[in-house]
Amino acid sequence: MRCPSWLAKLLRRMWRVETVSQVPRELAPFEVVTRILYSKTQFSSQRMRPKRSAFMPPPSMKLSGIHVTDLLDSTIWEIAEKNTMRSEPGRDTIYARADVPVEQFLQQKLRAIRDDQPFERHTSVVGWPAPTDMNERKERWIEICLELSESPDVKLAIPPGPIRLKTKTES
Amino acid sequence: MTTGLALGRPTGLITPNRSTARSESAERLSAIIEQIRMHLLASYAVRRGVERALDELEATRGVASVEGWDGYGAKPMNPEAYLLARRFLESLPTTAPHPEISADPDGDVALDWSFGPRKALSVSINEKGRCVFACMRGYSTLRGTEWFDDGIPGSIANALSQLARETAATNVAR
């Protein structure tokens, strides 16, 4: 039997109250993490899907995201704009974001850790397989990222227009 | 995305001829095959798919040409990987579906084919011609590493062929 939605919300809130003070903390399966996309090449607006490359981790093997459970769409864009945009190549325009339920990361044996560094709600997705054979490592990363990009539970969101870094006079 | 018909054959009229035969008749036959191939490539319908993929590759190279282009510290697209990806696309059978293009944070070129729910193939090409790939077919997955030299690696061609055939069959059944 499924919980009524009000009860599910109450339980989620209780879970958060209990754990919100702990940082870093591992996010539960029902939470949502978004991956901000600063390049048009990382998603298909035709298919409304993030591409596999949008989830490939950097050498540090910590994939950056933002914890966005229950936030309004406009609030998510505001957080991304306020905290992540900089006047440097690659960080001056936001084109889209991919919302990933933490459950999807867990299915790939990854974990989402909210660390609030370098800004509040920042989350690192960790646990990427690291075989010493670099070919095998890349194979496994591609496999995981392909699963994420093709999952119907992972949603692409595109703002009404690209969000561009405001110049000092504009802000 | 169109689905391929001739993908099951790694060689054929519409893939570049790979014969090393040197007799007069073999060379004449190769020339005829090349003429037919160029004729097919010159047709609007066939050329459009290849050109679209090459244009997307070019656009991706433009975007991914600087350090940190993805906002997360990615390396620029490797120029050799770009050239090999170009050759890879030109070597695809002309009736094969063409991939979406992007770049990986390590400078490799990423080629992605999506055929519907849990039917997808992704290939990453590096500057040495190493092709790392993963393929989803329903609940089975396949991954591996191959090398691109004078043609599309067999296991990648087979995976693409199977996905295209299954998708075509599903569409016909509908």
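Helix α4 (residues 134–150) of chain A lies across β2 (109–114), β3 (119–125), β4 and β5 of chain B. Its direction runs at about 40° to β4(B). Axes here are lines fitted to C-alpha atoms, for helices over the stretch in contact, and angles run from 0 to 180 degrees between N-to-C directions. Helices (H or I, at least four residues) and strands (E, at least two) are DSSP runs, numbered from the N terminus.

This is a predicted model: local features need pLDDT of at least 70, side-chain atom pairs count only at pLDDT 80 or more, and totals for chains, interfaces and linings use all residues. Residues are numbered from 1 along each chain as its sequence is written, while chains are lettered from A and ligands numbered from 1 in the order in which they are written.

**The contact between the chains**

Chain A brings 24 residues to the contact and chain B brings 31 residues. Two residues are in contact if their C-beta atoms, placed from the backbone, lie within 7 Å. On the side of chain A that touches chain B, α4(A) gives the most, with seven residues. By class, that side has six nonpolar, eight polar and 10 charged residues. Ala, Val, Leu, Ile, Met, Phe, Trp, Tyr, Cys and Pro count as nonpolar, Asp, Glu, Lys and Arg as charged, and the others, Gly among them, as polar.

**The sheet of chain B**

Chain B has an open sheet of five strands in the order β1-β2-β3-β4-β5, with antiparallel pairing. The edges are β1 (100–103) and β5 (140–147) of chain B; each has a single partner strand, so one side of each is left without a neighbour in the sheet. Neighbouring strands are turned by 15° against each other on average, direction ignored. Two strands pair if DSSP finds at least two bridges between them.

β3(B) and β4(B) form a hairpin with four residues between them. B:G129 in that turn has a positive phi of about 90°. β4(B) and β5(B) form a hairpin with two residues between them, and B:G138 in the turn has a positive phi of about 60°.

β4(B) is mostly covered: six of its eight residues are buried. Buried means 20 or more other C-beta atoms within 10 Å of the residue's own, exposed 12 or fewer, and partly exposed in between, with C-beta atoms placed from the backbone.

Chain A has an open sheet of seven strands, ordered β1-β8-β9-β5-β2-β7-β10, with antiparallel pairing. Here β1 (25–26) and β10 (155–157) of chain A stand at the edges, each with a single partner strand, so one side of each lacks a neighbour in the sheet. Helix α2 (residues 73–84) of chain A packs on the sheet and touches β2, β5, β7 (96–101) and β10 of chain A. Its direction makes about 55° with that of β2(A).

Six of the six residues of β7(A) are buried, so the strand is largely enclosed by the rest of the structure. A:A96, A:A98 and A:V100 point one way, and A:R97, A:D99 and A:P101 the other way.

**Antiparallel strand pairs**

| Pair | Bridges |
|---|---|
| β3(B) and β4(B) | seven bridges |
| β4(B) and β5(B) | eight bridges |
| β2(A) and β7(A) | six bridges |
| β7(A) and β10(A) | three bridges |
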